[in-house]
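Let us take a walk through a protein together, one stop at a time. Have the picture open beside you and look up each place as we reach it.

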Amino acid sequence: AATPVPGPRSALRTGWRYDAKEEFARMGVNGVSGNPWRMTTLNNEYSVCGSYPRTLCVPSRCTKELLQTCAKFRSKGRFPAMVWRCPSSGRTLSRCSQPLPGLRSLRCREDEEVLAAIREASGSERLEIFDCRPKVNAMMHTAMGAGYECEAHYEKCHVTFCGIPNVHAMRDSLEKLRSVLARCRDDGRPWGEMHYLSALEASQWLEHVRSILTAGLQIVDALSPTPTTTSPTGSFFGSLGGSGGGSSVLVHCSDGWDRTTQLCSVAQLLLDPFYRTFRGFATLVEKDWLSMGHKFADRCGNSLTGPVGPSATSNETAPIFVQFLCAVHQLLEQFPDAFEFNVRLLRFLLKHHLSGRFGTFLGNSDKERVEAGLVDRTESIWDAVAAKFGKYCNPRYRPEGTTKVLQPDPSVEKLVVWTLDRYGPGYERQLQERDADIDLFGSHQASSSGPPHVIWIGGVPTVLNPGYCS
């Protein structure tokens, strides 16, 4: 019999109580003898990898000694760990950081054995390695003692480079976008539509979002026994089910906490309908962003000891989580009935991953949050979401359509700058009926001849004149 699942509101009220064992049990990692996967407490004291959680999922045949040696051959000790498994086919999605072969093309037999164990535990013909970086960047890292996997050394492995730029390029892109939007809302110097579109294209913001969605689709295709991009949707258990065919996937970038997190999260949203529910989306953020060590403190300036908010002079700040939320927004645009939540939840997360109001996004890792005692000292953002649950519900959501693999169109022509009015007046009216005390467009609503375009950057609402960019 199916295990009763708590309702979305009660599930979110668990707040800090994300349970890795429960989530992986949902995927079939249940601790039963003979299961090819197991939960390990190898990192229980954060001694192997300070940016990893205490509990990780690894192939059952990988011993403690094997994983410890493998970690020494991966940047920052971030050894390969599984984050998602198809319950019907057994194929998996794993993540790690770059290997450390360097200019001498060093080998680590233990690292090669761990990757082979992942492939075998997944029942896959081969392991597809997605390196998020441009290949030239990966090659440059070899001069600094790092690099990428040599296919001749890793049996039945294939490396694909996704060509996604680093955090510095993303930060520059956001600054250009903000400059464009600032010009658009300057009443003294209105822009024509073509000028606006040219400046938007030059910012490369939508191009970067496109690259994330495209790489996510490549991961979905690799996990499927046959390519799926020719069909707008497919059966979740059908397209990935059965035995034989298809590959399992390993994703990494340099240190494995920025682009790797983006791609793994987007791919899981496309693959698994659970993550499109309130409970599932909270689980995804907790599992792949917080637990696996995305550096929120450095990327957002959310210090545990000082003022919060991004520093304009910091070389570490970057809109990595912002880009992910923008990618999710594109999915909401193209599949308006596939998500249990609406754009307001994305806005809330966008604002408060920077505000420092909740302990959820403070610190760079699970270790830092545990050492700071944030569970006892701060509020979880999910409790705040549960308190105003109706505000974030999507009235178009169709639970009966949740067994689909999403296949979005990632072309820039199909992408939109993050606006609210593009959901249509009917959608906004339904949202307002659920939360009548919220003025969606603030003070701009009364003075505008039409609904303004609103984009949230860094938690700040930027209103565009509809005449400039409609």
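The protein has 20 helices and 11 strands; both are DSSP runs, numbered from the N terminus, with at least four residues (H or I) for a helix and at least two (E) for a strand. This is a predicted model, in which local features need pLDDT of at least 70 and side-chain atom pairs count only at pLDDT 80 or more, while totals for chains, interfaces and linings use all residues. Residues are numbered from 1 along each chain as its sequence is written, and side-chain values use heavy atoms, with hydrogens and water left out.

How confident is the predictor? The pLDDT gives its confidence in each residue, from 0 to 100. Here the mean is 82, and 76% of the residues reach 70 or more. Residues 227–239 fall below 50, and this stretch has 34 contacts in the model beyond near neighbours in sequence; a contact means heavy atoms within 4.5 Å. Residues 419–470 also stay under 50, with 105 contacts beyond four places in sequence.

Now for the overall picture. Among contacts between residues at least 6 apart in sequence, 74% join residues at least 24 apart.

Our next stop is Thr40, in strand E1 (residues 37–40). Is Thr40 buried or exposed? With a relative accessible area of 6%, Thr40 is buried. Leaving out residues up to four places away in sequence, Thr40 touches Arg54, Thr55, Leu56 and Val58. A polar atom of the Thr40 side chain also lies 3.0 Å from the backbone nitrogen of Leu42.

Let us move on to the helices. Helix H10 (residues 259–271) has 13 residues and reaches 18 Å from its first C-alpha to its last, close to the 18 Å expected at 1.5 Å a residue; the expected span is 1.5 Å times one less than the number of residues. H10 is largely enclosed by the rest of the structure, because 13 of its 13 residues are buried. In helix H13 (residues 320–334), the end C-alpha atoms are 22 Å apart, which agrees with the 21 Å that its 15 residues should span. H13 is mostly covered, with 13 of its 15 residues buried.

Helix H11 (residues 278–291) holds Val285, which counts as buried at 0% relative accessibility. Not counting residues up to four places away in sequence, Val285 touches Leu290, Phe361 and Trp382. Val285 and Thr261 are 24 residues apart in sequence, yet 9.7 Å apart in space, C-alpha to C-alpha.

Finally, look at the aromatic rings. How many aromatic pairs does a search of the whole structure find? It finds 17, where rings of Phe, Tyr and Trp (its six-membered ring) pair if their centres lie within 6.5 Å; planes under 30 degrees apart count as stacked, over 60 as edge-to-face and the rest as tilted. Phe348 and Tyr392 form a tilted pair, 5.6 Å centre to centre with 50° between the planes. Phe348 lies in helix H14 (residues 343–355) and Tyr392 in the loop between helix H17 (381–387) and strand E9 (404–406), so the pair ties together parts that are 44 residues apart in sequence. Both Phe348 and Tyr392 are buried. Elsewhere, ring pairs link a cluster whose members include Phe278, Trp289, Phe321 and Phe361.

Terms used:
Buried means under 20% relative accessible area, exposed over 50%, partly exposed in between (1.4 Å probe, protein chains only). A polar contact is a pair of N or O atoms within 3.5 Å; within protein, one must be able to donate a hydrogen and the other to accept it, and residues adjacent in sequence count only if both atoms are side-chain atoms. pLDDT is the predictor's confidence in each residue, from 0 to 100.
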